[in-house]
Amino acid sequence: MIKSLEKNLIVFNNNINDNNAYMLIEHGHCIVIDPSSYGQTIENYINEHKLIFDGILLTHGHFDHIESANELMTKFKVNAYCHKSDEIVVNKYNCADMMSNPNFKPLSDSYIYFNQKELKIKNFKLEVLFTPGHTAGSVCYHYQHYFFTGDTIFYDSVGRWDLPTGNQKQLFDSIKKFMNVVKHDDLILPGHCQHYETYNNVEKANLYITHFKGAN
């Protein structure tokens, strides 16, 4: 599935893990958040629409989110940006072996590991919210009224914390942090499942957010 959620926002979703890959488009340029396994589809879309590809942003380093990053970085000569705390996840704990691809190796020289609250890539400037818990370096990206939440927050649940570098307390603290900065009309764009809703709807459906909201 390739769907235009808004004028400058495209989502790719049709693999077995129900992963979402997102493309932001501004003035003929684009970036991709979590390319997952959609490398060829993303390449075709970029070429068909004559876009200039500026880079890949990762919410975290698990294989199902970075699977096609190698081919996209090679074909378009772009970098992948990931939080510094997830460098060990990308290179050691990416869970590729759990997903039947034990020979996967990231293109290490093409990764840029950052540790700041703002990320600027050509025409795109995104706020970075550090949200460890699903992995040590999980982040959410805020752009305009879009919040790309990766596997930290889904429509009605949150990410698992039982994989290497995951931590339940950190994840719950990250959810509370997210709740303090998100706006009700922000569009929540998770790493999995085809629910693209405003936070106003997510906070009613998400049992964890409902719980933490009631605890305040």
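**Entry 1**

I began with tyrosine 196, which counts as buried at 14% relative accessibility; buried means under 20% relative accessible area, exposed over 50%, and partly exposed in between, with a 1.4 Å probe and protein chains only. The model is predicted, so I note that local features need pLDDT of at least 70, that side-chain atom pairs count only at pLDDT 80 or more, and that totals for chains, interfaces and linings use all residues. Residues are numbered from 1 along each chain as its sequence is written, and side-chain values use heavy atoms, with hydrogens and water left out.

I then searched the whole structure for aromatic pairs and found 13. Rings of Phe, Tyr and Trp (its six-membered ring) pair if their centres lie within 6.5 Å; planes under 30 degrees apart count as stacked, over 60 as edge-to-face and the rest as tilted. The rings of tyrosine 22 and tyrosine 196 have centres 6.4 Å apart and planes at 85 degrees, so I recorded the pair as edge-to-face. This pair links distant parts of the chain, 174 residues apart: tyrosine 22 lies in strand 3 (residues 21–26), and tyrosine 196 in the loop between strand 12 (187–190) and strand 13 (197–198). Helices (H or I, at least four residues) and strands (E, at least two) are DSSP runs, numbered from the N terminus. Tyrosine 22 also counts as buried, at 2% relative accessibility.

I noted another pair, phenylalanine 124 with tyrosine 143, which is tilted, with 6.1 Å from centre to centre and 50 degrees between the planes. It joins strand 9 (residues 124–130) to strand 10 (residues 139–143), its members being 19 residues apart. Phenylalanine 124 and tyrosine 143 are both buried. Ring pairs also link Tyr22, Tyr146, Phe148 and Tyr196 into a cluster.

**Entry 1. Nonpolar cores**

I looked up the nonpolar cores, each a set of buried Ala, Val, Leu, Ile, Met, Phe, Trp, Tyr and Cys residues joined through side-chain atoms within 4.5 Å. The largest has 28 residues, and those with the most contacts inside it are Phe12, Met23, Ile42, Phe53, Ile56 and Tyr111. A second, separate core of 23 residues includes Leu9, Leu119, Val139 and Leu187.

I listed the contacts (heavy atoms within 4.5 Å) of isoleucine 56. Leaving aside residues up to four places away in sequence, isoleucine 56 touches Val32, Pro35, Ala69, Leu72, Met73, Val78, Asn79, Ala80 and Tyr81.

Where is histidine 62? I placed histidine 62 in the loop between strand 5 (52–57) and helix 2. Histidine 62 is buried, with a relative accessible area of 3%.

I found aspartate 64 in helix 2 (residues 63–66). Aspartate 64 is buried yet has no salt bridge, a salt bridge being a side-chain nitrogen of Lys or Arg within 4 Å of a carboxyl oxygen of Asp or Glu. The nearest side chain of opposite charge is arginine 160, 9.0 Å away; Lys and Arg count as positive and Asp and Glu as negative, while His and the chain ends are not counted. Not counting residues up to four places away in sequence, aspartate 64 touches Asn17, Asn19, Ser36, Ser37, Met99 and His192.

**Entry 2. Cysteines**

How many disulfides does the structure hold? I found 0 disulfides, a disulfide being a pair of cysteine sulfur atoms within 2.5 Å. For cysteine 82, the nearest cysteine sulfur is that of cysteine 140, 13 Å away. Cysteine 82 is buried at 0% relative accessible area, and cysteine 140 is buried at 0%.
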